[in-house]
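Dear colleague,

Please find the structure below, followed by a short account of its features.

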Amino acid sequence: QVQLVESGGGLVQPGGSLRLSCAASGSIFNFAKRYNMGWYRQAPGKQRELVALVTGGGSTNYVDSVKDRFTISRDNDKMTVYLQMNSLKPEDTAVYYCNALLLTSGMNYWGKGTLVTVSL
């Protein structure tokens, strides 16, 4: 089993920044090579969407709406993934979930989420 714990959410004004963290723990072997890590978000009344993804090798992918504003990164030694969010907009308000995809089995693991609210 893999446990994911997110932190760093909160209330921020439009144009502000937040940094989310997700720490992985549990029965993890070779985190760097076996797990793709991602951040998803779900706004009220909307479906969960992929925000950013980082592979074990460091390749990244972003949804168009956050490109040039958000940066995903990972520290494989700490088994932690980060999401740096800049120039935040009210439409970024959502619960942000950390995801780990075990490449050998296709198993997905989820954190419980952290709320990000962008408002005056």
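How many bridges join strand β9 to strand β10? The two strands, residues 94-102 and residues 107-110, run antiparallel and are joined by four bridges. Strands here are DSSP runs of E with at least two residues, numbered from the N terminus, and two strands pair if DSSP finds at least two bridges between them.

This is a predicted model, in which local features need pLDDT of at least 70 and side-chain atom pairs count only at pLDDT 80 or more, while totals for chains, interfaces and linings use all residues. Residues are numbered from 1 along each chain as its sequence is written, and side-chain values use heavy atoms, with hydrogens and water left out.

Within the pairing, A100 lies opposite Y109 of β10. The hairpin has four residues between its strands, and G106 adopts a positive phi near 80°.

The structure contains four salt bridges (a side-chain nitrogen of Lys or Arg within 4 Å of a carboxyl oxygen of Asp or Glu). A network of salt bridges links R41, E49, R69 and D92. R41 and E49 meet at 2.7 Å, N to O. For D92 and R41, the closest N and O atoms are 3.0 Å apart. D92 lies in the loop between β8 (80-85) and β9, and R41 in strand β4 (residues 35-42), so this pair ties together parts 51 residues apart in sequence.

R69 also forms a salt bridge with D92, at 2.8 Å between the closest N and O atoms. This pair connects the loop between β6 (60-62) and β7 (70-75) with the loop between β8 and β9, 23 residues apart.

As to accessibility (buried is under 20% relative accessible area, exposed over 50%, partly exposed in between; 1.4 Å probe, protein chains only), R41 is buried at 6% and D92 at 0%. R69 is buried as well, whereas E49 is partly exposed at 30%.

Yours sincerely
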